[in-house]
Amino acid sequence: MLDFSMTVGGRQVTARETFAVINPATGQVVGHAPNASLADLDMAVAAAIAAFPAWAALPDDQRQAACAALAGRLAERAEDIARLLTQEQGKPLNGLGSRFEMGGAQAWAGYTAGLSLPVKVLQDDNSGRIELHRKPIGVVGSITPWNWPVMIAIWHILPALRAGNTVVVKPSPYTPLSTLMAVATMAEILPPGVLNVVTSDDRAVNIGAAMASHPDIRKIVFTGSCATGEKIMQTAATTMKRLTLEMGGNDAGIVLPDCDPRAIAEGLFWGAFINNGQTCAAMKRLYVHDSIHDAVCDELAAFARNIPMGNGLDETSVLGPVANRMQFDKVSRLVADAAQSGRIILGGAADEGLFFPVTLIADLPEDAPLIIEEQFGPALPIIRYTDLDQAIAAANNSDNGLGGSVWSTDRARARDIALQLDCGSVWVNRHGAIQPNAPFGGTKRSGIGREFGEEGLAEMTEMQTLFC
Ligand code: NAD
C-alpha cells in the first residue's frame, strides 16, 4: 500500500488529509491519494498561471519536441502505471485492459505532439492582408472519469500543452493513483507548473466544481457523465470559460438481415463489452433484424462464454470486475428490472464481489430502463426489429448522440444508413473504434466540441484575427 502525492509547480506535495482507493477485485486498499483543499487547488492554479507565459512563448518546434518527449516518458513507466491502473480500476492487464490503455495513451501523445496549427492567411491582396492566428487560452482545467483514466487524461493534457496552455488535472476519486503517477512522470521533463494534478474524494469539497467556477481557469475539458457536464456548463457560464464536454452515450448498433451471425459475433461482443461496457462509445443497445435475431443472440452468447473474467492482475483474465460499488449497484438495478420484463439469454446476476457476468437480455419493451438509460456496464439489451426505418428511428430516439454502428455485408448500403444516425461517430461493421487523427465527440446531450486531430487541437486555442 502506498501514499501518493500531487504534482504542483514541479514539486511533489501532499494535502492535509488523504483518502483510500479501493481495488474492486479484492475490496482492499490500493493506496492513499491526497484530499486536496480549495487552497491546494489555488496553489496548483497559481503554479499553472506562473508557468504560462514562458510555455506559451516557447518556439513552436521546442514545444512540439517537449510534447513528443512525454510519449517517451509514458512508454518508460507504462508497465508500472498499467499495474496500478489495473488495481484501482479493475481492468485486466491484458486484452483491451490497462496495457492496451497505456499503448493508447502513448499513441495519442505521440500523434498529438506532431500536430500543428499554422497561421492561416485569409486574404493577401491590394486591399490588405488578413491572418488567422491560433493562440493558447491560458490555464486549462482537465476533469476526468474512472473508466479510461490515463488515456482520457492524455486526451486532455497533450492538445492543451501542445497548443501552449498550462494544465491542472483532476482525476476521478475512484481512480486517482494512475493519473498521479503518470503526471508525476511527465512533469519531470516539463518546466515546473506546466502540468499539475490535484486529487479529491469530492466529499467535503468538490474540487471539480471549484475548477468550473475558478476565475483563473480559462477552459475546462471534461469527460464524464451528462449530469456533471451540465453542472459544469452552468457553473462555467459565470466566468465565460471555454468548454469541451465529452459526456455519456447510449450507442445503438443496427444489424441488417444480410449478416452472418457467427462472423459478426466477435465484433459485436467487443463493441459492447470493451472495458466491461464501461466505455462512453460502447454499444449499449443492439437492434437485430428478426430473421437473424435468435442466431445473433446464440452466437454472441457462445462467444461470451469463452471470455475469462477474474482479478485483472491475473495474466489470463480478459475481463475484470465492475470498477466500483456505485456502478455495480446501477448495473444490478437495471438488470434486475430488465429480468422482470425481458428474457435473460446469458448472465443476469452477480455471484461474487463486484464481478458481474456478461449479460445479454432480449425481448424487452422499448421503454425498458436498460434500453433508455446508459447502463455503462456488462449488460446488453438485444432488440428485435422488422422495419429498418423504425430501427433507425428507435436508434435516434435518445437524448444521447455519441456513437452508432451499422452491420451489413453491403458496405454501400450500410454507409447510407450510418449517415442517418444522429451521433458524432458512426461505424460500419465495428463499433467504438477511435483514432487520434479522427475527431471524436457527441451530438445532443453527449457533449459539446470535439477531441482529437486538428479539430481537437483547435479547441485548445483562441482565434486571433490580424488585419495588417
Ligand atoms: P462523473 O460525471 O461522475 O465524474 C467525472 C469527473 O467529474 C470526476 O473527476 C468527478 O470527480 C468530477 N465531478 C463530480 N462532480 C463534479 C462537479 N459538480 N463539477 C465538476 N466536476 C465534477 O462521471 P464518471 O462516473 O466518472 O464517468 C462515467 C461517465 O463518463 C459515463 O456517463 C460515460 O459515458 C462518460 N464518459 C464519456 C466519455 C466521452 O468521451 N464522451 C468517455 C468516458 C466516459
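The model is predicted, so local features need pLDDT of at least 70 and side-chain atom pairs count only at pLDDT 80 or more, while totals for chains, interfaces and linings use all residues. Residues are numbered from 1 along each chain as its sequence is written, and side-chain values use heavy atoms, leaving out hydrogens and water.

Let's start with glutamine 375. You'll find it in the loop between α11 (369-372) and β17 (379-385); helices here are DSSP runs of H or I with at least four residues, strands are runs of E with at least two, and both are numbered from the N terminus. Glutamine 375 is buried, with a relative accessible area of 1% (buried means under 20%, using a 1.4 Å probe and protein chains only).

What does glutamine 375 touch? Leaving aside residues up to four places away in sequence, its contacts include Asn250, Lys284, Gln327 and Leu380 (contact means heavy atoms within 4.5 Å). A polar atom of the glutamine 375 side chain lies 3.0 Å from the backbone oxygen of lysine 284, and one lies 2.8 Å from the backbone oxygen of alanine 379.

Now for the second largest pocket. Its lining has 24 residues, and Phe100, Ile274, Gly432, Ala433 and Ile434 lie nearest its centre. A pocket is an open set of points on a 1 Å grid over the protein atoms alone, where a 1.4 Å probe fits, with protein on both sides within 12 Å along at least five of seven lines; lining residues have an atom within 4 Å of a point. Helix α3 gives the largest share of this lining, four residues.

Terms used: Buried < 20%, exposed > 50% of the residue type's maximum accessible area, 1.4 Å probe, protein only. Polar contact = N/O pair within 3.5 Å; in protein donor to acceptor, adjacent residues only side chain to side chain.
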